[in-house]
Amino acid sequence: MLRDIRRNGAQPKDTMHKAAAKMVTGMGVIKNDTKDKKEVKLPSDETTANICVVTKERVPSGINAARLNMSDYDEDFVNIEKGELIGLEVYTDGEKFATDQFKAEDFNDYEVGKTVAVGADGKWMKTTKGTSRFLYAGEYMDNGHKMIAIEVVADPVAHA
């Protein structure tokens, strides 16, 4: 799940890519464009560069199309299949978002303001090396769902 906390609002979502693997909204991904295809994939290692956050349009399928009210956390809205068209959010300095796609053990006593990265599984984690423009902004509770808030800064901050 992905929640915008503070957004500029002037950036359109990139909707020209397909998922190269199964994903969940809120995961960090990187573009894998070639001459013949536009895809996003999970990083091969911990990364803090060129990260996009994957989203999906909230369109119910099957019997769920008859339902009037559905949770934003419903599988139809968060699970992404391989080959499915997705949306990509690219957050810039001053923006803040929250996601439930994180390594819980990394954030049990992690300090606000410390750097975060995306691991090879697409989940957000504390950085172990280098610099990052993504900073941990604390725990965020979304109607009983635990998320982490991430703030984007203009200049990369060294891992400490």
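Visitor: Is Glu 57 buried or exposed?
Guide: Glu 57 is exposed, with a relative accessible area of 52%. Here buried means under 20% relative accessible area, exposed means over 50%, and partly exposed lies in between, using a 1.4 Å probe and protein chains only. Please note that this is a predicted model, in which local features need pLDDT of at least 70, side-chain atom pairs count only at pLDDT 80 or more, and totals for chains, interfaces and linings use all residues. Residues are numbered from 1 along each chain as its sequence is written, and side-chain values use heavy atoms, with hydrogens and water left out.

Visitor: Which residue forms a salt bridge with Glu 57?
Guide: Lys 13 does, and the closest N and O atoms are 3.4 Å apart. A salt bridge is a side-chain nitrogen of Lys or Arg within 4 Å of a carboxyl oxygen of Asp or Glu.

Visitor: Where do the two partners sit in the chain?
Guide: The pair links distant parts of the chain, 44 residues apart. Lys 13 is in the loop between β1 and β2 (14–19), while Glu 57 is in the loop between β6 (52–55) and α1 (75–78). These labels come from DSSP runs numbered from the N terminus: helices are H or I with at least four residues, and strands are E with at least two. Lys 13 counts as partly exposed because its relative accessibility is 31%.

Visitor: How many salt bridges are there in the whole structure?
Guide: A search finds 15. One of them joins the side chains of Lys 31 and Asp 14, at 3.1 Å from N to O. Lys 31 in strand β4 (residues 28–31) and Asp 14 in strand β2 are 17 residues apart, so this pair also links distant parts of the chain. Lys 31 is partly exposed at 39% relative accessible area, whereas Asp 14 counts as buried at 19%.

Visitor: What about Asp 74: which side chain does it meet in a salt bridge?
Guide: Asp 74 meets Arg 67, at 3.4 Å from N to O. Asp 74 counts as buried at 18% relative accessibility, and Arg 67 as partly exposed at 40%.

Visitor: On to pockets. What volume does the largest one have?
Guide: The largest pocket has a volume of about 190 Å³. On a 1 Å grid over the protein atoms alone, a pocket is an open set of points where a 1.4 Å probe fits, with protein on both sides within 12 Å along at least five of seven lines; lining residues have an atom within 4 Å of a point. Grid points are joined across faces, edges and corners, and the volume is the space filled by probe spheres set on the points.

Visitor: Which strand gives the most to its lining?
Guide: Strand β1 (residues 2–6) does, with 3 residues. The lining residues include Lys 13, Thr 55 and Phe 77.

Visitor: Where is Thr 55, and is Thr 55 buried or exposed?
Guide: Thr 55 is in strand β6 and is buried, with a relative accessible area of 8%. Beyond neighbours within four places in sequence, its contacts include Leu 2, Lys 13, Thr 25 and Glu 89.

Conventions:
Contact means heavy atoms within 4.5 Å.
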